[in-house]
Amino acid sequence: MVGINKKQSQSTRSIGSEMEEHACSFLEQNGYKVIDRNFHGGRFSELDIVARDGDGYLCFVEVKYRHDDEHGGGEGAIDQHKIRNISKCAAYYMSQKKLSPDTPVRFDVVFIIGDDIRLIQNAFDYAG
């Protein structure tokens with residue numbers, strides 16, 4: 001049983017990495033410059049992608065993948081708890097990188113459902 005869970009975890013991890021790579025390509029095609037991936041914020045969470053957009057925003061991008069939209073489009077996967085964790089991790093990131101608190105930031109989400117990909121800019125506000 002443990003072996004099965006480990007195998008499933010590895011499979012899920014590899015799919016997640018593949019989808020994040022797909023999201024990075026999509027962002028770059030849309031004028032973003034990816035500057036960090038999979039930043040671990042200690043106990044807070046992880047930032048999937050950190051990028052700069054063409055307008056100078058520092059964007060913390062969450063990637064959500066669903067094989068299909070049978071059980072929803074992924075929006076429900078980002079609840080208030082997740083938003084708080086991403087926000088805290090973003091603040092930690094800025095502190096670690098010694099970025100000014102005046103840096104314009106935004107929280108975006110890339111939804112990948114099957115072969116469809118879409119970007120929601122400013123998907124949620126900071127919730128510290």
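Residues 24 or more positions apart account for 54% of the contacts in the protein chain with a separation of 6 or more, where a contact means heavy atoms within 4.5 Å. This is a predicted model, in which local features need pLDDT of at least 70, side-chain atom pairs count only at pLDDT 80 or more, and totals for chains, interfaces and linings use all residues. Residues are numbered from 1 along each chain as its sequence is written, and side-chain values use heavy atoms, with hydrogens and water left out.

Let's walk along the chain. Its pattern reads α-β-β-β-α-β-β, with two helices and five strands. Helices (H or I, at least four residues) and strands (E, at least two) are DSSP runs, numbered from the N terminus.

Two strands pair if DSSP finds at least two bridges between them. Cys 59, for example, has Arg 106 in strand 4 as its bridge partner.

Arg 106 also lies over the face of Tyr 57, at 5.1 Å from the ring centre. A charge sits over a ring if NZ of Lys or CZ of Arg is within 6 Å of the ring centre and within 35 degrees of the ring normal.

Now to the aromatic rings. The structure holds five aromatic pairs. Rings of Phe, Tyr and Trp (its six-membered ring) pair if their centres lie within 6.5 Å; planes under 30 degrees apart count as stacked, over 60 as edge-to-face and the rest as tilted. Here are two of the pairs:

| Pair | Centre to centre | Angle between planes | Type |
|---|---|---|---|
| Phe 39 and Tyr 92 | 6.1 Å | 40° | tilted |
| Phe 107 and Phe 124 | 5.1 Å | 25° | stacked |

Phe 39 lies in strand 1 and Tyr 92 in helix 2 (residues 80-96), so their pair ties together parts 53 residues apart in sequence. Phe 107 belongs to strand 4 and Phe 124 to the segment after strand 5, so this pair links parts 17 residues apart in sequence.

Phe 39 counts as buried at 14%, while Tyr 92 is partly exposed at 31%. Phe 107 and Phe 124 are both buried.

Technical notes: Buried means under 20% relative accessible area, exposed over 50%, partly exposed in between (1.4 Å probe, protein chains only).
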